[in-house]
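Thanks for coming. I have one structure to go through today, and I will start with the whole chain before turning to single residues.

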Amino acid sequence: MDATKIKGNIDPKAPVKSTRIRVGRSIDGFGLSPGITKEQRLGVENLMKKAFDNLKDDLAGTYFPLTGMDEAVRQQLVDDHFLFMSGDPNLKVAGMERDWPEGRGIFHNKEKTFLTWVNEEDQLRIISMEKGGDVKGVFDRLARGIKAVGDSVKTESGKDFMMSEKYGYIHSCPTNLGTGMRASVHIDLPGWTKLGLKVLQARCEELHLQPRGTRGESGGQTGVTYDISNKHR
């Protein structure tokens, strides 16, 4: 991925609170979340602990396993939109929350602008995010982070990310096949809020966008702030 190909940026006058771009990645030799065994899940986590230790400079940080995590720390990470939560009915019915929370955790750098979720819906969710609307800066960090994580996994295990010449990168959810990339902003839309969610959804559909609440895919909507992202991955 080449951040220099991004032309322009978000209008600084737009009421964008934050920008977030993520990808999913799966590692060869481990099962996808619906069928992964407990031993494989722990194997992914142990591999990633070693891989994270190799990250340098602005990507360097700390891994926090969910098992044994202080509750105050966990809740703060959730409230800051950094950490995933248990209880998503879609993940439960698909068997993705088996043995919760064992083998799961979050890595983030000091600034909390580069993060990786381990063993949520996918084995890895690699995320770049920051306040404001600097899409190019967020994408640049993501591109560097994906390469660094992939290279580190290769160094530690000899394994690559799962990739199909026909379908692209392999994920647990078919909607993510391909790049697995979701780029989103949190933006205040008081006018659209007055018009109603159905009107906003219709407009987003025209633009091939997807509106969500700020609490995630299943977290509902609060206030006038929405999460707006690309519909196609």
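What radius of gyration would a compact globule with 233 residues have, and what does the protein have? The rule puts such a globule near 17 Å, and the protein comes out at 18 Å, which agrees. Please keep in mind that this is a predicted model.

On overall dimensions, the C-alpha trace spans about 50 × 40 × 40 Å along its principal axes. The secondary structure comes to six helices and 10 strands. Of the 233 residues, 43% are buried.

The contacts are next. Take those between residues at least 6 apart in sequence: 68% of them join residues at least 24 apart.

Now the surface. The protein exposes about 12,000 Å², and carbon and sulfur atoms supply 54% of that area. As for charge, there are 35 positive and 32 negative charges, and their mean positions are 3 Å apart.

Where does Gly95 lie? It sits in the loop between α3, residues 89-93, and β3, residues 105-109. Is Gly95 buried or exposed? Its relative accessibility is 16%, and the cut-off for buried is under 20%, so Gly95 counts as buried. Which residues does Gly95 touch, leaving aside those up to four places away in sequence? The answer is Ser33 and Pro34. The next glycine to look at is Gly35, which is 60 residues from Gly95 along the chain, while the two C-alpha atoms are separated by 7.4 Å.

The rest of the talk is about salt bridges. How many salt bridges are there? The count comes to 14, and I will show some of them.

Begin at helix α6, which covers residues 197-206. Arg203 and Glu206 both lie in this helix, three residues apart, or about one turn. They form a salt bridge, with the closest N and O atoms 2.8 Å apart. On accessibility, Arg203 counts as partly exposed at 36%, whereas Glu206 is exposed, with a relative accessible area of 55%.

Lys231 is partly exposed, with a relative accessible area of 35%. Glu205 is partly exposed too, at 44%.

Another pair is Asp160 and Lys154. Their salt bridge has its closest N and O atoms 3.2 Å apart. Asp160 has 40% relative accessibility and counts as partly exposed. Lys154, at 39%, also counts as partly exposed.

The last item is a group of three residues. Asp58, Asp140 and Arg144 are linked in a network of salt bridges.

To recap, the radius of gyration of 18 Å agrees with the value for a compact globule. Gly95 is a buried residue in a loop, and it touches Ser33 and Pro34.

Definitions and conventions: Residues are numbered from 1 along each chain as its sequence is written. This is a predicted model: local features need pLDDT of at least 70, side-chain atom pairs count only at pLDDT 80 or more; totals for chains, interfaces and linings use all residues. Side-chain values use heavy atoms; hydrogens and water are left out. Helices (H or I, at least four residues) and strands (E, at least two) are DSSP runs, numbered from the N terminus. Buried means under 20% relative accessible area, exposed over 50%, partly exposed in between (1.4 Å probe, protein chains only). Contact means heavy atoms within 4.5 Å. The radius of gyration is taken over C-alpha atoms; the globule rule is 2.2 Å times the number of residues to the power 0.38. Accessible areas come from the Shrake-Rupley method with a 1.4 Å probe; for residues, only the protein chains shown count as cover. Lys and Arg count as positive and Asp and Glu as negative; His and the chain ends are not counted. The place of a charge is taken as NZ of Lys, CZ of Arg, CG of Asp or CD of Glu. A salt bridge is a side-chain nitrogen of Lys or Arg within 4 Å of a carboxyl oxygen of Asp or Glu.
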